[in-house]
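Here are a few exercises to work through with the model open in your viewer. Try each one before you read its solution.

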Amino acid sequence: LFGFGNIHQKYPDITEEHWETISKRELKDGMSAEECRLSIGNPIEIRLKKDTRFETWFYNDRTLKFENGTLQRF
């Protein structure tokens, strides 16, 4: 992930504040699903609600809840 090249150019919509959070491998409400993946990796499982507006991501030690691709709770 953090190999050669400028990762910031690959993800131009990520704010400097969120890059700081990602670099610490932490989470913050309001992060996008993509930012969460960059920060803590891929989940073990993803469950979608019927209307697909809500997602729940499961990791060994935490659960993330998204609405429309934005982190709401963790």
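**Exercise 1: the core**

In the largest nonpolar core, which of the 16 residues touch the most other members?

Solution. Trp-19, Leu-27, Cys-36, Trp-57, Leu-64, Phe-66 and Leu-71 do. Next, the elements: helix H2 (16-23), helix H3 (33-40) and S3 each give two or more residues to this core, and H3 has the largest share, with four. A nonpolar core here is a set of buried Ala, Val, Leu, Ile, Met, Phe, Trp, Tyr and Cys residues joined through side-chain atoms within 4.5 Å, where buried means under 20% relative accessible area (1.4 Å probe, protein chains only). Helices (H or I, at least four residues) and strands (E, at least two) are DSSP runs, numbered from the N terminus.

A word on the model: it is predicted, so local features need pLDDT of at least 70, side-chain atom pairs count only at pLDDT 80 or more, and totals for chains, interfaces and linings use all residues. Residues are numbered from 1 along each chain as its sequence is written, and side-chain values use heavy atoms, with hydrogens and water left out.

**Exercise 2: the strands**

How do S1 and S2 pair, and over how many bridges?

Solution. S1 (residues 45-48) and S2 (residues 54-58) pair in the antiparallel sense over four bridges; pairing takes at least two bridges found by DSSP. Arg-47 sits opposite Thr-56 in S2. Five residues lie between the strands of this hairpin, and Thr-52 takes a positive phi near 60 degrees. Now move on to S3 (residues 63-67): five bridges join S2 to S3, again antiparallel, with Glu-55 opposite Phe-66.

Technical notes. Buried < 20%, exposed > 50% of the residue type's maximum accessible area, 1.4 Å probe, protein only.
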